[in-house]
Amino acid sequence: MTLGKIQQTILVALVLCLAPFLVHAEDLIAEKSFKSNTEILVKFSGPVDRAIAEDVKNYTVFEEPDPDIRLTLKSAILAENGKSVSLVFAEPLNTAVAHVVTIRGLAGIESTTFTVSKSYLGYLFGILISALLINNFVFTKYLGLCVFFGTSKKKDTAKGMGVVFTLVIVVSALMSWFFYNFILIPYDLNFLQIVVFIGLVSLTVQAVDTVLRKVNPILFNSFGVYLVLVIANCVIIAVPLILANSNYNAAETFMLALGAGGGFLLALYLMSAVSERLQLANIPQTFKGLPIAFIVAGQFAMAFLGFSGLQLF
Amino acid sequence: MANDKSSMQLITRGILSENPIFKLALSMCPAVGISTTVMNGLMLGIAVLFVQVFSSVTISIFKNVIHPRIRIPTYTLTIATWVTVIDLVLAAYLPEAYAKMGIFVKLIVAFAIITMRLEMFACKESVNASFWDGLGMGLGFMVGMMVIGFFRELLGSGMILGYDVLGFKPLLFFILPSAGFFVVGLMMAFFNWIEIYYKRSKGLKS
C-alpha cells in the first residue's frame, strides 16, 4: 500500500518536473504529439468549429530549423466530439526535429502557433544513442585514436580502460558544463575555454586517482594504470568543447558524456575482440602490428556508417 | 658550424627517422579525421608546428623554475595557452579554413606528440636545440599530414590542391571519412615494407 503511494508520488513528481517541457503551449491546445511518422495529433481544451478545423488551408506546418520549407498537409480530420484533430501529411515527417504548427481562425483567434516535438526523455535518449552509435567518437569522429590503438590488445585491458574513461568523462563533462555556464559565460571569458577545460580534466583525473587509491585499493591496482592515459585522450577534451558549442543543459551534458564514454568502451571492446583473434592469424610481415589494426578499424568505421539515420523514438 | 649541423640533424630526425605519424604513431586522430585534402593537412600542420615550437621554447626557457612534480600540469597549461592563441588567430584571419578543420584545432591541446617532446627533449636541452627539435617534429607532422592528404585527394577526387589533375575520379571511396583508416594503415605497411626490403638488401636479419 505504502509502496503504491510512493510510486504514485514519484510519478506525479516526474510529471510535474516534465510538465514545462511537455505542455508549454497556449491554453487552447491541450495536447499535441506525433502519432505516427505521417500524422500529428492535436487535442484542444474545448470543441472547435468543424469547418475551420477541417480546412487544410488554415494550417501551416514547418520544421523548426527551416521555416521556408512548408510541409504539405493531405488532410485534417476532426474527431466526433470536436476536441481533437489529426493532421495527416503527404510525406513522412522527420520526427527528430521540432515542428511548428500554425492554425488560423480557430476559436476566433487570428492565428495559434505551437511546436510539436518528441517527449524530452526520448530526446535525451536520442542524444545518448547518437553519441554511442551514430556519432561514435572513435569510428565516426576519429577521436581518441592513440589510446584506442594502444589499449585494445586484450579484452581485460579494454574493459578497464573503457570503464575508467567513462567515469572520468562523465565527472569532467559535468564540471566543465558548470564552469562554462556559471563562470565563463557570465564573465565573458569564453576565450579561456581550452585552458579551463584541460585544467578541469587533469583535476578530475587526479581526484579520481586519489579517491580510488583510498577507497578501493583493489580496484585501483587493476584500473589505476589507465588513469594517466585518459589525459592524453582527445575524446575527453572534445566532449566539453562540443557541449560548449551546442548549449546543452545539465541532463543533456550527462547523456552526451555517458554516450561518449560508452561508445569508447564499445569500440575498445569490439577492437580487442578482433585483436585477440589477429594474434593467432598469419598476417604478412609488413602488416603486423599497427597497419592491420588500422585496416580493421577502417572496416569497423564502415560498419558504423550503417547506424546513420537510426531512430528509436 | 657545429651548431648548424646539429640543428639540421634535429630537423631531419623529426621528418624522417622519428616521424610523428608514421614512425611514432602518435597524434593519429587528425591524420585520419581531416586529411582529405593536401590543404587541410597543410593548415593543421602549420597550427601544430606553431604550437610545438612555441611550447618547446617556453618550457625550455623556464625549465629551471618548474618543479619536477608539477611538470605535467605545467606542460598542459603551456600547450593550452599556445593552442588558444593559434585558435583565435585562425578563427579571425582564416575563417574558411578554420571552419573546415572544426574542433581539431582546439584538440591540438591533447596531442600526445607535443607533450612527449616537452617531456623528452625541451625540459632538458637548451632553448636553441628545443627550437630546432620543435621545428623538426612540427615539420614531420605537417609532411605526414600532407602525404596522406595527397593520396586521399588524388585518389578520391582526382585533384591536387584543388586543381584537377587526373580529370576523373578514380576511387570516390578515398574521400569518405572511414577511408582515412585504410590509407594510414596501407601507408604504414608501405613504410614497413621499405624498411624490411632495405634491411634484406643489406643482408641484415630484420
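Which residues in H3(B) meet residues in H4(B)? On the side of H3(B) they are Ala47(B), Phe50(B), Val51(B), Phe54(B), Ser55(B), Thr58(B) and Ile59(B), and they meet Tyr75(B), Thr78(B), Ile79(B), Trp82(B), Val83(B), Ile86(B) and Leu90(B) in H4(B). Contact here requires C-beta atoms, placed from the backbone, to lie within 7 Å. Helices are DSSP runs of H or I with at least four residues, strands are runs of E with at least two, and both are numbered from the N terminus.

The model is predicted: local features need pLDDT of at least 70 and side-chain atom pairs count only at pLDDT 80 or more, while totals for chains, interfaces and linings use all residues. Residues are numbered from 1 along each chain as its sequence is written, with chains lettered from A and ligands numbered from 1 in the order in which they are written.

The residues joining H3(B) and H4(B) divide into 11 nonpolar, three polar and no charged; Ala, Val, Leu, Ile, Met, Phe, Trp, Tyr, Cys and Pro count as nonpolar, Asp, Glu, Lys and Arg as charged, and the others, Gly among them, as polar. The axes of H3(B), residues 38-61, and H4(B) come within 9 Å and cross at roughly 140°, which makes the two helices oblique. Axes are lines fitted to C-alpha atoms, for helices over the stretch in contact, and angles run from 0 to 180 degrees between N-to-C directions. Angles under 35 degrees count as roughly parallel, over 145 as roughly antiparallel, 65 to 115 as roughly perpendicular and the rest as oblique. The crossing of H3(B) and H4(B) is right-handed, that is, the near helix is turned clockwise from the far one by less than a right angle, anticlockwise being left-handed.

Chain A holds a crossing between H6(A), residues 193-215, and H8(A), residues 234-246, whose axes come within 10 Å and cross at roughly 135°. These helices are therefore oblique to each other, and H6(A) passes H8(A) in a right-handed crossing. H6(A) contributes Gln193(A), Phe197(A), Ile198(A) and Val201(A), while H8(A) contributes Ile236(A), Ile237(A), Pro240(A), Leu241(A) and Ala244(A). This contact has eight nonpolar, one polar and no charged residues.

Between the chains, 34 residues of chain B are in contact with 29 residues of chain A. Helices H2 (28-33), H4 (71-93) and H8 (179-201) of chain B each give two or more residues to the side that touches chain A, and H8(B) gives the most, with 11 residues.

Chain A also contains open sheets. Four of its strands follow the order S1-S2-S5-S4 with antiparallel pairing, where pairing requires at least two DSSP bridges between two strands. S1 (29-36) and S4 (73-78) stand at the edges with a single partner strand each, so one side of each is left without a neighbour in the sheet. Within this sheet, five bridges join S2(A) to S5(A), and Ile40(A) has Leu87(A) as its bridge partner in S5(A). Three strands form an open antiparallel sheet in the order S3-S6-S7, in which Glu63(A) stands opposite His99(A) in S6(A).

Finally, Phe139(A) is found in the loop between H3 (120-134) and H4 (145-151) of chain A. Phe139(A) is buried, because 28 other C-beta atoms lie within 10 Å; the cut-off for buried is 20 or more, 12 or fewer is exposed, and in between is partly exposed, with C-beta atoms placed from the backbone. Beyond its neighbours within four places in sequence, Phe139(A) is in contact with Ala267(A), Phe300(A), Ala301(A) and Phe304(A).

Technical notes:
Two residues are in contact if their C-beta atoms, placed from the backbone, lie within 7 Å.
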